[in-house]
Amino acid sequence: LTGTRIIYDRKFLLECKNSPVARTPPCCLPQIPGVTSLAQSSLVKLEELKERNESEEALPGEQPLHTAP
């Protein structure tokens, strides 16, 4: 099988890098933290969960939600 090989010159590729189309993500791109979106949002959520867990542990007289093995 043979196909058509498209060869782009360096100047064209460098111009494409600055194109607005190249800087706009596709509309149906899934949001994967750290891959297709910034990982900051997932880090913030982890910090919030950690703080919530620590505050729940600090409350005296409350029964823990889980039991140790």
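**Salt bridges**

How many salt bridges does the structure hold? I noted first that this is a predicted model. My search returned 1 salt bridge. The partners are K11 and E15, with their closest N and O atoms 4.0 Å apart. K11 is exposed, because its relative accessibility is 58%. E15, at 48%, counts as partly exposed.

**Overall picture**

Next I stepped back to the whole chain. I found 2 helices and 0 strands. How much of the chain is made up of buried residues? Of the 69 residues, 0% are buried. I put the accessible surface of the chain at about 7,200 Å², and carbon and sulfur atoms account for 60% of that.

**Aromatic pair**

I went on to the rings and found 1 aromatic pair. Which way do the rings of Y8 and F12 pair? Their centres are 5.4 Å apart and their planes meet at 15°, so I logged the pair as stacked. Planes under 30 degrees apart count as stacked. Y8 is partly exposed, with 46% relative accessibility. F12 is also partly exposed, at 36%, and F12 lies in helix α1, which covers residues 10-17.

**Nonpolar patch**

Y8 and F12 turned up again when I checked the surface. Together with I6 and L13, they form a nonpolar patch there. I noted about 410 Å² of accessible area for the four residues together.

**Cysteines**

My last entry is on the sulfurs. How many disulfides does the count come to? The count comes to 0. C27 is in no disulfide, and its nearest cysteine sulfur, that of C28, is 3.5 Å away. C28 is likewise in no disulfide, the sulfur of C27 being the nearest at 3.5 Å. C27 is exposed, with a relative accessible area of 76%. C28 counts as exposed too, at 69% relative accessibility.

Terms used
Residues numbered from 1 in each chain as written. Predicted model: local features only at pLDDT ≥ 70, side-chain atom pairs only at ≥ 80, totals over all residues. Heavy atoms only, no water. Patch = residues over 30% accessible without salt bridge, like charges linked within 9 Å, V, L, I, M, F, W, Y side chains within 5 Å. Areas by Shrake-Rupley, 256 points an atom, 1.4 Å probe, with all protein chains shown as cover. Salt bridge = Lys/Arg side-chain N within 4 Å of Asp/Glu carboxyl O. Helix = DSSP H or I, 4+ residues; strand = E, 2+ residues; numbered from the N terminus. Disulfide = S-S within 2.5 Å. Buried < 20%, exposed > 50% of the residue type's maximum accessible area, 1.4 Å probe, protein only. Phe/Tyr/Trp six-rings, centres within 6.5 Å; stacked < 30°, edge-to-face > 60°.
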